[in-house]
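Please look over the structure shown here. Some questions and answers about its fold and contacts come after it.

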Amino acid sequence: MHTAHDKINDGQIALNAIQRRHTKVSAGDQISVSRFVLPDNFNLALLTLELDFVKRSNRSEQLDAVVLAQQLRKKFTDQVMTVGQRVSFEFCGTNYLFTVNQAMVEGEENSKGLERGIITKDTYIVFEATPNSGIKIINQREATSSNIFRQKEFNLQKLGIGGLGEEFTDIFRRAFASRVFPPHVTNKLGIKHVKGMLLYGPPGTGKTLMARQIGKLLNGREPKIVNGPEVLSKFVGETEKNVRDLFADAENDQRARGDESDLHVIIFDEIDAICKSRGSTRDGTGVHDSIVNQLLTKIDGVESLNNVLLIGMTNRKDLLDEALLRPGRLEVHVEINLPDEHGRLQILQIHTNKMKENSFLAADVNLQELAARTKNYSGAELEGVVKSAVSYALNRQISMDDLTKPLDEESIKVTMDDFLNALQE
Ligand code: ADP
């Protein structure tokens, strides 16, 4: 090893001071070098940088994490970062020195992380300040959630959800962002996990569809779905027990594995069936009130768990007990409305996609026009229109004179007329 100033001969390599510290070699050391092959999923999703030192030229005590993250990404795009590595960075006349604390790849944000990764334009960067750096990091939360969102631009149509892009973004920003980061990062940022959210709006608009996809995105498997009326039992005390049981898996998991516990997403459809405002039912027995209390107790009890996300759904938000909607309970409320024309077009595309791929959709079918003619249709109703159009098309294929005649699969075509007939129903 020689210092970087010397002429570099064959068999020698030159490293600057930071590189030497990082690779733990000194000038003059003998080293061996081998080629590093990039794994496929090497694009960093998260990089945590600890601020060690700031040499300030101005007296600003605050560090805008959003701006700094942008600059860092710009400057270090395509550079490999190794955990433990020092990164020095000059911005607006100020020198920053960071240590790389943590690196994670997309989709594995809950894992322990990697030894190294590559900074891309989508890498989100979390800053951590040491107590003695004497600087306050501001806007961290914005920096992280907005960047994650850019990183994770979900293709809703691919997930079978039409329209609802804004609602999904809202849910993501308010409820998920805190779930994507490992607990030790969220603890340091002082973000509290959202424990519950409420999706409300007219029936058939995709609330269940969306809740299910959220559940899958968060923990990679089908979430638990329960239905309000199913939880209700006519036997005394049985409903309360059913409510308690909903949380049993999450509680057992937490007991067994502590911080390592999986996230348990519980989807509660028609939650108004068991959570009408207390005192509103006039059976005089107070049985209903005790069910509401049981649910509230359970939700409050998951305080320490952090491994539960309860998604409640209702067409009648006005019926719900106020107490259920307070902070710490179902605190994020997102209204899911009937789709607009663009949303309706997307929904029609989703539900005709298969027949289009298989050439069953006639060329004259104009989905744009159908979207324009279906004002006030819900997603479920649009799906109904598609199904009905298909049944018209199939009907034409069946010869009433001879039901045994083989079906000519090739000639099945769903036409615009079939859709228009379906709309008349
Ligand atoms: P909700 O829970 O709001 O009552 P669902 O999610 O159960 O409605 O919707 C019922 C069905 O209607 C879904 O399974 C889906 O096939 C269709 N649907 C409803 N909304 C949408 C949408 N936004 N995009 C695509 N399909 C939809």
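This is a predicted model: local features need pLDDT of at least 70, side-chain atom pairs count only at pLDDT 80 or more; totals for chains, interfaces and linings use all residues.

Residues are numbered from 1 along each chain as its sequence is written.

Q: How many helices and strands does the secondary structure of the protein come to?
A: Helices (H or I, at least four residues) and strands (E, at least two) are DSSP runs, numbered from the N terminus. On that basis the protein has 14 helices and 13 strands.

Q: Is Thr48 buried or exposed?
A: Thr48 belongs to strand 1, residues 44–55. A residue is buried if 20 or more other C-beta atoms, placed from the backbone, lie within 10 Å of its own, exposed if 12 or fewer, and partly exposed in between. Because Thr48 has 23 other C-beta atoms within 10 Å, Thr48 is buried.

Q: Which residues come nearest to the ligand?
A: A residue is near a molecule if its C-beta atom, placed from the backbone, lies within 6 Å of it. There are 19 residues around the ligand, and the nearest are Gly206, Lys207, Thr208, Gly379 and Ala380.

Q: Which elements give two or more residues to the shell around the ligand?
A: The shell divides into nine nonpolar, eight polar and two charged residues (Ala, Val, Leu, Ile, Met, Phe, Trp, Tyr, Cys and Pro count as nonpolar, Asp, Glu, Lys and Arg as charged, and the others, Gly among them, as polar). The elements that give two or more residues to the shell are helix 6 (207–219), helix 11 and helix 13.

Q: Why are helix 11 and helix 13 oblique to each other?
A: Angles under 35 degrees count as roughly parallel, over 145 as roughly antiparallel, 65 to 115 as roughly perpendicular and the rest as oblique. The axes, lines fitted to C-alpha atoms over the stretch in contact, with angles from 0 to 180 degrees between N-to-C directions, come within 10 Å for helix 11 (residues 341–357) and helix 13 (residues 379–397) and cross at roughly 45 degrees. Helix 11 and helix 13 are therefore oblique.

Q: Which residues in helix 14 meet helix 13?
A: Two residues are in contact if their C-beta atoms, placed from the backbone, lie within 7 Å. Val385, Ser388, Ala389, Tyr392 and Ala393 in helix 13 have partners in helix 14, namely Asp418, Phe419, Asn421, Ala422 and Leu423.
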